Amino acid sequence: MEDTEQLALFEAKIASGQKIEPKDWMPEAYRKQLIRMMSQHAHSEIVGMLPEGNWITRAPNLRRKAILLAKVQDEAGHGLYLYSAAETLGIDRSELLAQLHSGKAKYSSIFNYPTLTWADIGAIGWLVDGAAIMNQTALARGSYGPYSRAMVRICKEESFHNRQGYEIMMHLAQGTPEQKDMAQDALNRWWWPSIMMLGPSDDKSPNTEQLMKWKVKIESNDEIRERFIDRTVPQAEFIGLKIPDEAMKYNQETGHYEHGPINWDEFFEVIKGNGPCNAQRLKDRINADKNGFWVREAAIAYAAKQAKEKLAS
Ligand code: BYC
């Protein structure tokens with residue numbers, strides 16, 4: 001078939017809500033955009049393990065430690081589903097990881113901020129996983145089959161992460177004055193980066209228009225941000241914490257909260273590599289990759305041995 005005919009078929013499928021599957025014809029730009037977005041997403045999952053992993057040995061009790069261990073392990077699993085889903089587009093995960101390690105590929109801006117206290121672990125679960133779910137429940141309705149299906153399970157796990165984070169914050173907010181201050185301080189530091197992680201405002205987002213036409217993105221960055229803020233502000237009020245935005249107010253007419261100006265200069269600096277922890281995160285990720293080499297090699301050798309034995313039997 002001619003490309004124009006194939007393009008018409010592809011567009012008709014998307015318009016009728018059918019999924020695009022790996023063996024279906026797709027425009028090269030669609031494939032490239034998906035690889036960009038899905039690999040960034042996968043990288044965010046495994047880089048996101050680093051700031052949380054820092055607190056596994058310092059969790060305040062055994063129960064918290066077990067929960068945090070399980071959460072960090074879940075993030076590795078999310079990376080695994082997403083790299084596998086990205087590979088269906090004809091790229092190898094070793095190439096994707098090489099792009100991450102060389103600094104060519106991005107990962108979420110949010111993980112370039114430090115986790116200074118235990119309350120930061122609560123703030124990440126509540127705010128970062130909370131923002132991620134808002135985005136990912138929309139992505140679960142997206143047009144590329146393997147990505148949208150990966151999102152379904154990821155969202156279920158992120159909902160649990162979100163609750164565990166909020167529960168940490170609720171506990172601290174009801175604790176001693178020092179604990180409440182710690183929770184408020186974590187909220188002060190994580191609020192703005194969390195609302196920025198949903199991507200630049202729509203007027204500064206070059207990819208949104210095309211991605212929405214292809215139904216890869218179902219909602220724009222600002223639409224998702226609005227939903228996240230509407231859901232989160234009452235949660236902060238409920239546990240007696242204050243959103244660090246003097247301009248934040250509820251608009252009775254629209255039924256939405258209005259926020260103060262977002263520091264997009266900071267966001268663009270962070271995604272250029274100049275955030276507080278970019279260099280550290282990349283260094284730690286590269287080390288994790290090197291230190292895990294023997295594990296991957298042993299796993300491949302074991303799988304090959306098993307396959308050989310199966311053939312021989
Ligand atoms: N960080 O045109 P735009 C998690 C880039 S992890 C860095 O709006 P798009 C978790 C963007 O790539 C969840 N870069 O882009 C894990 C583009 O640059 P390039 C992470 C960002 O794609 C462990 C430029 O800015 N979630 O939950 O239409 C522990 C212009 O942006 C960011 C995902 O990755 C950012 N925040 O929309 C705990 C979701 N935002 O590539 C929790 C998947 C924008 O053209 N991704 N940029 O050079 C998406 O949904 C979309 O890619 C975004 C951006 C909404 C993030």
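**Close-up 1. The lining of the largest cavity, sorted by residue class.** In this predicted model, the residues that line the largest cavity divide into 5 nonpolar, 1 polar and 1 charged. They are Arg64, Ile67, Leu68, Trp118, Ile121, Gln164 and Ile168, and the helices α3, α5 and α6 each supply at least two of the lining residues. The most comes from α3, which gives 3 residues to this lining. The space inside the largest cavity amounts to about 30 Å³, and a search of the whole structure finds 1 cavity of 30 Å³ or more. Rolling a probe the size of a water molecule over the atoms shows where empty space is left.

**Close-up 2. The largest pocket and the elements around it.** The largest pocket holds about 920 Å³ of space and has a lining of 41 residues, of which Gln40, Ser108, Asn135, Met197 and Gly199 lie nearest its centre. Two or more lining residues come from each of α2 (28–53), α3 (62–87), α5 (118–139), α6 (145–173), α8 (208–213), α9 (221–238) and α10 (264–274). Among these elements, α2 gives the most to the lining of the largest pocket, with 8 residues. When the lining of the largest pocket is sorted by class, 18 residues are nonpolar, 13 are polar and 10 are charged.

**Close-up 3. The second largest pocket.** The volume of the second largest pocket is about 560 Å³, and of the 17 residues that line this pocket, Ile46, Tyr83, Leu97, Arg285 and Arg296 are the closest to its centre. At least two lining residues are supplied by each of α2, α3, α4 (93–101), α11 and α12, while the largest share, 5 residues, comes from α3. By class, the lining of the second largest pocket divides into 10 nonpolar, 3 polar and 4 charged residues.

**Close-up 4. The packing of helix α2 against helix α11.** The axes of α2 and α11 lie 10 Å apart, and the two helices pack at an angle of about 105°. That angle makes α2 roughly perpendicular to α11. On the α2 side the contact is made by Ile46, Val47, Leu50 and Pro51, and on the α11 side by Arg281, Asp284 and Arg285. Sorted by class, this contact of α2 with α11 has 4 nonpolar residues, no polar residues and 3 charged residues.

**Close-up 5. The packing of helix α11 against helix α12.** Helix α11 (residues 278–291) and helix α12 (residues 293–312) have axes 4 Å apart and pack at an angle of about 40°, and α11 and α12 are therefore oblique to each other. Asp289, Lys290 and Asn291 in α11 meet Phe293, Trp294 and Arg296 in α12. The contact of α11 with α12 has, by class, 2 nonpolar, 1 polar and 3 charged residues.

**Close-up 6. The buried residues of helix α4.** In α4 the buried residues are Leu96, Leu97, Gln99, Leu100 and His101, and these buried residues pack against α2, α3 and α11. After α4 comes Gly103, whose phi is positive, near 90°.

Close-up 7. Leaving aside its neighbours within four places in sequence, Ser39 is in contact with Leu34 and Leu96. From C-alpha to C-alpha, Ser39 and Ile91 are 10 Å apart in space, although 52 residues apart in sequence.

**Close-up 8. Glu219 in the loop between α8 and α9.** Glu219 is found in the loop that connects α8 and α9, and at 17% relative accessibility Glu219 counts as buried. With its neighbours within four places in sequence left aside, Glu219 is in contact with Ala138, Arg141, Met212, Ile224 and Arg227. Glu219 and Asn135 are 84 residues apart in sequence, yet 8.3 Å apart in space from C-alpha to C-alpha.

Terms used:
Residues numbered from 1 in each chain as written. Predicted model: local features only at pLDDT ≥ 70, side-chain atom pairs only at ≥ 80, totals over all residues. Heavy atoms only, no water. Axes fitted to C-alpha atoms, helices over the stretch in contact; angles between N-to-C directions. Parallel < 35°, antiparallel > 145°, perpendicular 65-115°, else oblique. Contact = heavy atoms within 4.5 Å. Nonpolar A, V, L, I, M, F, W, Y, C, P; charged D, E, K, R; others polar. 1 Å grid on protein atoms, 1.4 Å probe; cavity = no way out; pocket = protein on both sides within 12 Å on 5 of 7 lines; lining within 4 Å. Points joined across faces, edges and corners; volume = space filled by probe spheres on them. Buried < 20%, exposed > 50% of the residue type's maximum accessible area, 1.4 Å probe, protein only.
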